[in-house]
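This report goes through sheets, domains and a pocket, chain by chain.

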Amino acid sequence: MKAVYALYTDPDAAQLAVDALRAEGVAERDIVVMSSEPFEEYEFSHRDKATWLHWIAGGGGLLGMFAGYLLTSTTQQLWPLVTSGMPIVSTWPNTIIVFEMTMLGAILATVIALFVTASLPSRLSQLYDNAVTQGYILVGVDGPSDELAARLDRALASVEGGQVKSIA
Amino acid sequence: MAHRWGMVVDLDRCTGCEACVTACHAENNIPTVGAAEAARGRAMHWIRVERYWEGEFPEARLTFRPVLCQQCDNAPCEAVCPTYASHQTDEGLNAQVYNRCIGTRYCANACMYNVRFFNFFHPQWEKPLQLQLNPDVSLREAGVMEKCTFCVQRIKAAKSEARAEERELVDGALQPACAQACPAGALVFGDLNDPESRVARLSESPRGSKLLEEYGAEPKITYLQRQGWHEPDAQ
Amino acid sequence: MNRTRNNPLADDLVRPLFHTSVWFYGAVLVLATVVLAGAAAWGYQLWYGIGVAGINWPVFWGFYLTNFVFWIGISHAGTLISAILRLVNARWRRPVTRCAEVITVFALMIGAMFPIIHLGRPWLAFWLAPYPSAREIWPNFRSPLVWDFFAINTYLTGSLMFLLLPMIPDFALVRDRSTGWRRRIYGALALGWQGTTKQWHRLESGMQIMAIAIIPVAVSVHTIVSFDFSMATVPMWHSTIFGPYFVAGAIFSGIAALIVAMAALRKLLHLEAYLHPVHFENLGKLLLLMSLLWAYFVFAERLTVWYGNEHSEMAVFWATQRGEYAPLYWAMVVCNFVIPFPILALRQLRTIAGTVVASFAVLIGMWLERFLIIVPSLAHKPLPYTWGDYAPQPVEIIIMVATFAAMILLYMLFSKFVPIISIWEMKVGNQPHPPVVTEAEDELAGLWRARP
């Protein structure tokens with residue numbers, strides 16, 4: 001599998017490199033950008049921003065709420081024991097359990113969805129370069145055809161301040 | 001109709017002799033912890049006779065109040081137990097299941113009468129006292145809570161006896177150890193659901209009141225207040 | 001502009017992971033000994049029975065429950081404060097969040113141990129968990145102790161995730177900087193983090209959701225801890241003020257713990273370039289606010305009781321006000337208000353040293369507060385015949401000291417294995433802002449530059 005990438009120290013240069021790749025006709029989803037911080041102010045970091053995570057968290061919360069309701073009301077009826085003259089299914093205290101289960105559901109759903117959608121844990125891709133955590137911004141394409149690779153090489157090199165590397 | 005066990009304590013009759021305390025210890029296998037531990041507040045008396053002084057010396061008067069589990073309808077000790085060790089039986093007893101108890105001691109804190117006791121250590125009986133243990137009552141290990149049961153073992157026995165003889169329970173024949181031992185007859189035990197029972201009639205007495213009634217726990221023990229007491233020469 | 005200039009920052013913050021002084025080993029040895037002494041004390045208690053502790057009839061709860069409430073309170077330092085600062089996007093939070101969140105996780109673990117230590121039969125503590133068993137009985141969901149079980153588990157899970165998620169990029173950084181066994185361990189911890197744009201977005205929105213979710217959970221945890229008391233009709237426990245009163249007290253002691261921890265880190269790990277006087281100044285202001293709030297709650301609580309003049313409550317009231325607990329009560333007032341208020345109110349005194357002194361006072365004062373809530377009430381229940389007292393026994397004191405040692409030890413070890421300041425979040429803070437944002441740049445911005 002081939003891969004072409006370049007390392008930049010300057011996020012502006014990385015932005016130019018991403019633009020250059022786009023100009024070469026590389027599809028948005030094939031452009032890989034890796035960095036040691038989010039760079040929220042730059043356009044290149046806005047890719048993949050759309051997310052269902054909030055809805056998933058809400059769904060997890062609803063699931064937790066339902067589980068909490070079932071847990072409390074059914075187990076109280078399984079072996080109905082009277083305490084302190086309270087009703088067998090005591091709504092007020094049960095609300096506390098339902099609340100905690102709701103929040104637990106939301107938290108667990110968020111974490112699981114985060115791990116799945118961010119593909120964690122996984123092996124490092126062949127594109128990965130230790131320089132990323134040293135502060136370099138990696139812009140590259142994984143697995144281009146030979147002909148495309150050569151063009152991308154030139155496109156990335158056209159941006160000043162980058163070190164172009166390729167994996168055969 | 002289900003039974004609803006209750007008691008009446010006539011404060012006018014109580015002499016503070018503590019025969020009830022002794023009888024309770026013997027009947028229910030309650031360990032004695034020794035003087036040193038008792039001084040640290042580890043004594044266990046399912047029934048105790050509270051002693052209060054009224055007035056100033058030399059006009060002081062000594063009064064007694066036997067206090068045992070009030071078997072509340074809305075017992076504050078029950079709901080706080082995380083494991084249902086403390087709960088209400090269908091005969092209105094405030095039951096404590098020793099095997100379920102994990103020893104949070106929350107019930108004892110929630111009880112405003114302080115009639116729940118904790119086994120701080122494994123119970124011990126000096127020889128030959130172990131020979132007088134009641135085989136009908138289980139021993140409690142360290143770390144569990146215990147309390148007055150209204151001598152539930154006697155209730156069970158009397159009920160099965162009555163069932164075997166195909167008759168109703170006789171009011172007054174069934175008594176917990178404390179009531180049985182009381183020489184003054186200050187403690188009256190019986191079924192509150194039987195309107196003819198002594199306990200039901202006495203609990204309707206105008207002298208009757210509940211201990212710490214304002215907490216709303218609805219105890220099943222009624223205290224009959226002392227009546228006005230006059231020095232002979234005051235008349 | 002050279003982005004790799006951030007490397008000195010990473011060098012500084014990663015250094016403790018690779019270099020360990022002999023003092024560190026010495027301190028670990030001493031602390032571990034104390035922790036082991038605590039474990040031995042617990043073993044002794046398990047063997048002989050809970051009677052070796054000072055609890056008695058009628059004071060069935062003592063030091064263990066005091067420490068439980070205290071440590072759960074300390075746990076409100078981290079996650080709650082960090083989540084609030086994240087949501088309001090306070091820039092000065094960046095070096096503070098992780099060292100705060102760690103306090104939460106460890107304090108919760110320690111705090112949650114105390115209800116187990118205090119059980120009569122601790123080996124059965126798992127009966128609080130809801131699971132189908134041969135006993136066919138489920139936990140009693142009406143019991144505040146079961147609420148505790150659920151609340152603490154939710155809070156611990158949430159706080160742990162809140163702490164661990166932003167650590168992943170830093171684990172990746174350490175992975176890339178190390179070799180051998182370190183590389184393997186941190187590689188596994190980094191879970192294959194590469195810093196793709198997608199991963200960054202997911203991490204950031206995940207953290208945002210977690211920050212929103214964790215705030216109500218944190219509030220609920222200490223409210224439920226307060227319910228352990230206020231649900232019982234014990235004089236001066238049965239009060240509706242307890243929920244907010246406990247939450248405010250928890251945040252109060254939590255901030256104090258955070259200030260002490262930050263001052264220690266700054267000194268011992270030489271983080272002067274990251275933890276600035278302004279952090280202590282800001283947290284000091286927050287501590288001042290909580291001190292005032294605490295005084296307000298105590299006044300409201302005491303006034304209500306005094307005015308109501310209910311006889312069993314007044315017994316507790318006078319026992320704390322001028323009876324046998326009065327020395328502790330007034331010490332608490334001094335520690336929680338008289339000392340911290342002037343220090344934190346005067347700008348000249350609100351220095352690093354000043355805030356640390358105030359924080360130590362608050363920690364002592366808040367511990368006393370928990371003790372004074374629990375013990376005097378139990379010692380003065382409605383029937384005067386049943387009044388009692390309480391004196392802690394050596395086993396309780398040893399276990400308590402051991403948990404303080406355990407907290408310091410865990411914190412030290414953590415700072416040895418994980419960068420205690422979030423490196424990637426510091427880098428974000430260092431970024432020069434594009435022109436649109438520059439106008440909003442406030443005076444503090446200069447502080448986020450790791451190097452001049």
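Two strands count as paired if DSSP finds at least two bridges between them. The model discussed here is predicted.

**Chain A**

By that criterion, four strands of chain A make up an open sheet in the order β2-β3-β1-β4, with antiparallel pairing. Its edges are β2 (31-34) and β4 (162-167) of chain A, each of which pairs on one side only. On average, neighbouring strands of this sheet are turned by 20° against each other, direction ignored.

Strand β1 (residues 3-8) of chain A runs antiparallel to β4(A) and is joined to β4(A) by six bridges. Within this pair, A:Leu7 stands opposite A:Gln163 of β4(A). Helix α4 (residues 146-157) of chain A lies across β1, β3 (137-142) and β4 of chain A, and α4(A) runs at about 5° to β1(A).

Chain A is also divided into two domains: domain 1 covers 3-47 + 124-167, and domain 2 covers 53-117. The C-alpha centres of domain 1 and domain 2 of chain A are 46 Å apart.

**Chain B**

In chain B, strand β2 (residues 48-54) and strand β3 (residues 61-67) run antiparallel and are joined by seven bridges. B:Arg51 has B:Phe64 in β3(B) as its bridge partner. The two strands, β2(B) and β3(B), form a hairpin with six residues between them. In the turn, B:Gly55 has a positive phi of about 80°.

| Strand pair | Direction | Bridges |
|---|---|---|
| β1(A) and β4(A) | antiparallel | six |
| β2(B) and β3(B) | antiparallel | seven |

**The largest pocket**

Which residues lie nearest the centre of the largest pocket? They are C:Ala264, C:Leu268, C:Ile408, C:Tyr411 and C:Met412, out of a lining of 32 residues. The elements that give two or more residues to this lining are α1 (7-18), α2 (22-48), α3 (63-74), α10 (242-268), α15 (352-379) and α16 (394-417) of chain C. Of the elements, α16(C) gives the most to the lining, with eight residues.

The volume of the largest pocket is about 990 Å³. Sorted by class, the lining of the largest pocket has 25 nonpolar, five polar and two charged residues.

Technical notes: Residues are numbered from 1 along each chain as its sequence is written. Chains are lettered from A and ligands numbered from 1 in the order in which they are written. This is a predicted model: local features need pLDDT of at least 70, side-chain atom pairs count only at pLDDT 80 or more; totals for chains, interfaces and linings use all residues. Side-chain values use heavy atoms; hydrogens and water are left out. On a 1 Å grid over the protein atoms alone, a cavity is a set of points where a 1.4 Å probe fits but cannot get out, and a pocket is an open set with protein on both sides within 12 Å along at least five of seven lines; lining residues have an atom within 4 Å of a point. Grid points are joined across faces, edges and corners, and a volume is the space filled by probe spheres set on the points. Ala, Val, Leu, Ile, Met, Phe, Trp, Tyr, Cys and Pro count as nonpolar, Asp, Glu, Lys and Arg as charged, and the others, Gly among them, as polar. Domain bounds come from an automatic or database domain assignment. Axes are lines fitted to C-alpha atoms, for helices over the stretch in contact, and angles run from 0 to 180 degrees between N-to-C directions. Contact means heavy atoms within 4.5 Å.
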